[in-house]
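Have your viewer ready and try each task before you read its solution.

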Amino acid sequence: MDAAKRIVIYGPILLISSILNTNSEFIQKFIILLIKILSGFSAYYCIYNLIQNKNFDEKLTFLISIFTGFIFIYNPIATTMISTTLAFAFAYSFLPLVYLYYSKVSETNNVTLSTLVIVSLLWTFTTAMDIRYLIYIPLFIFAPTFFVTFIFLFSKKQIHTIINLIKNTFLIIVFFILFSLYWILPSLVVSTKSDLVPAYVLTKTMLDAFSRSSLLDVLRLFGDWWPRVQLENITNVPSSIWISASFAITIFAFMPLLYFKNNASNKKNVFALSATTLALIFLVKGSSPPFSNFYVNLYTIPIFGWMFRVPCKFSMLLALNYTLLIGLQLHNIMNYIVINSYNNSKKIIAFSSIILLLISIVIISQPAFTGDYNGKFLPQQLSEEELELNTWLNDQNEYTKILIHPRYIPWENPKKILYSNSNSYLDYSLNSLLTNENSDFGKLLSPLSIQYIIINDLEREEIISKLSLQNNITFLSNCGSYLIFKNNQHESYISIRQQNILLSDGFSKISSLNNVDTYKSAIILDETFRQKSELDTIDIFINPSNPYLALSSIDNKYIINPFIYTFDHNPNNVWSRAATHDPLHGPWHDYLEERGIENWQFDYGKGLVLTWAKKTSLQFSVETETSDEYVLLVRYFENQNGDSINIHLDDNFIHLDTKNQLNKFIWKNLGTYHLEKGKHEIILENLEGLNAVNLFVLIPEDEYKKAQSEFVYTIQNKRVIHLFEAESDIYREYAEVNNAFDEASNGKVLTFNQNGHAWQEIEVLKNDSYMMAVQSSGKLEVSVDDRVYHLNNQGLNLTYLGPLELEKGKHTIDIITSEETNKQEIGGESKFYLDVIWLYSTKNNETLDDILSSNEVAAEIQNYEKINPTKYKVQVKASSPYMLSLAESYNPLWVAEIDTAKGVKKYEPIPLYSTINGFWIDEPGEYTITIRYKPQQWFYYGVVVSVFAFIACICGLFYNWRKGEKKIK
């Protein structure tokens, strides 16, 4: 969306550069020069118009304006934060003009159409480069000027002028919306399916990191938390002078607060700017003292809270205010020198102070005068190997997807490149490779249509050696230190899936499925609550969880998300927000890895809270709409480092033990409670150990029973599979986990010692006939309730047991070494292994290959074509419903469309493997499917409206100009 917004600025530049056939280095230098000129002119023109007066010397006006432009370009914030970030720099360069033209709107009763259009266009351009100015400009430029003018006019009872001010401000907003519809319309479409917020977590810990600057640093415009260009005394200037020079801008900026005498218009400007400056100083300091705890409340603002994430972004507005205040004060000083004919000594003092300010800026912002900002703008030449790799990338076709690990390549390439941190699925896949959980890494990557893997760090010997051992990965070539591997089992960019599998245990069982042929299946994961329409398309449920699937149909108002009740991320001390997809500022897996815990379950897109601090509590309120009997459920993390938590619902107390040999999120029914209508308090107390809570559900008992019955009905005619990896899903004693077999389903097996014992309780969700498949080695005794089976395998083999007639309810699986085995002497080395257990419903005693390797061909793709990056055409011949897979990053705004006799049928996407798009198509016959990204169409609509509005305004301006010209004649 950022690229689409910025087309109004970058589009013309790139068009001209393509016509002139210029290289990227020239374009970069041209843009930097353009920004410098635009910034300087913008500030110059603003001050020139604010201070211009027929009674004041024209040359002095010109010099003051030039000096103000110099300050705007070379102040500390412009040097450290803005200079190296082109989008920020463009937005910054428009700010003085925005202020000037809105000042004109507030100063006169006869505002021209051209002024309103210019303000709107400038606001449009600024917001296009940085979305934060959507609210920054109204809050910190329009609002202060509006209210100061309103108070001034109201005091003089100029009601008509106040009405005009309100009308004109409203028209500016209308024009802005019209000019910005090219990105507003797509954004509104996006908002219907997902939140318009970036994918990071807002936390106090993050805020504290972004608030490193002290109040003194903020006052000196040194408020950038991460200076792109360092301001430091690298000259021979004494440190005392350098520090003193750093306060020069601040002193001049605050002088108008102490002494300012000028015309009424500029007094209003000074008052508005000064009030805004004080507010901005408070905001830029973030959580630094004083009033450290206030800023985090801004994060709670709906929709816009994320825009306050980094306090130093307000420094750009603070630099604007400083610049304008200094310009106005210089005019104030010079005006009184001229009017009062001060003697030469006073004139010398005045001019000397201005020269000292100039020298101070040069000393402090020294990097801005080096030509390359101390090396930040030096062009980086690609090495021969990088050029060779770039040539190889360019030779690949438009459908080729490439995984690069571990570092980003230092240049842009239009190919579909993914990095190891692009999504959670890739993170899991690489983890499974590095931990020997999978010998078919290529299979894991195949649904994403990844054809090549590039390793760009020769020091990563471990991953290079593991790739070399994979079944479906071969070394292709190298470009110097860039090693290129080919995935021989990659799937087509657009493909057909023959059956749908819902896997309800996160990523952890995907490697298990790779050991049977699920190549033609669509894997749908439980990363969010599934709609009933989605569940109806499922053919096979693997590890179905009763509460999870039952809760998929309930109203979201019954779900309580502890994540939203804290902004902390400091699990050493308090309950802290995080998420299982490890967003920026809210990691989860880092803490698990530190403790040797592996878990790849999801949080259903709701986040979680975690801590290991003793005796820490999180308190929040929930509201019940009626007096009723309510069921309270919780999903929490049992793990080897857990201990216990307490949960309080009003006066009701529940204690949970969270220490467990297995590391799993589990649902637990905490009981049924009679609650009156109104607010109720929940307290989550950590007693000891690593604990995490994902969700609470507080639902009327009747609603919960209804949801459960609907879920039971849904799965009655579906196949159900219970899948247990021995090393992670089964309790054990006198047994240990190791990697004795390379062919093990997840790379690990459970090794039994004498008297070894493993067990697990299963909740069977429907009465049915089941088969059990056990992959093991050696002599083991397996029992299901009271049925006992003896296994004796040489090597790691799959044994089928059953059929078993199981009723709905809980059943126990036990695995022990046989009595005969325990009597044998085995020389201290165990030879009895358990890998995986499958328990699945069946009618005809099918094998796993029978049920998971669908041979039915529901549909065939005859051809597909990429029209553009947001539109594909697919020709299909279908005999029955099927899943169409598109290996683009999942987005709910993709849509598949088919023209039928009854009109256009539309199909919404379902996330496959939690990362790509799947469309469940139920239309038989031969036809063409159009897959498109909906916001693109609305972008075109918005462009048409924005261009039409712009042309209409230009025509209106031309008409007014011609009308005025005729009057003059």
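This is a predicted model: local features need pLDDT of at least 70, side-chain atom pairs count only at pLDDT 80 or more; totals for chains, interfaces and linings use all residues.

Residues are numbered from 1 along each chain as its sequence is written, and side-chain values use heavy atoms, with hydrogens and water left out.

**Exercise 1.** Work out whether I19 is buried or exposed.

*Solution.* 
- Step one: locate I19 in helix α2, residues 7–20 (helices are DSSP runs of H or I with at least four residues, strands are runs of E with at least two, and both are numbered from the N terminus).
- Step two: I19 is exposed because its relative accessibility is 64% (buried is under 20% relative accessible area, exposed over 50%, partly exposed in between, with a 1.4 Å probe and protein chains only).

**Exercise 2.** Compare the span of helix α3 with the expected span.

*Solution.* 
- Step one: α3 covers residues 24–51, which is 28 residues.

**Exercise 3.** Find what surrounds the side chain of K766.

*Solution.* 
- Step two: K766 counts as buried because its relative accessibility is 3%.
- Step three: leaving aside neighbours within four places in sequence, its contacts (heavy atoms within 4.5 Å) include V720, L806, K808 and S841.
- Step four: a salt bridge joins the side chains of K766 and D768 at 3.4 Å, N to O (a side-chain nitrogen of Lys or Arg within 4 Å of a carboxyl oxygen of Asp or Glu).
- Step five: D768 is buried, as is K766.

**Exercise 4.** Which parts of the chain does the D922 and K905 pair link?

*Solution.* 
- Step one: the side chains of D922 and K905 form a salt bridge of 3.2 Å, N to O.
- Step two: the pair links distant parts of the chain, 17 residues apart, with D922 in the loop between β33 (916–921) and β34 (925–933) and K905 in strand β31 (residues 903–907).
- Step three: D922 is partly exposed because its relative accessible area is 39%, and K905 is partly exposed because its value is 28%.
- Step four: for context, the whole structure has 25 salt bridges.

Technical notes. The expected span of a helix is 1.5 Å times one less than its number of residues.
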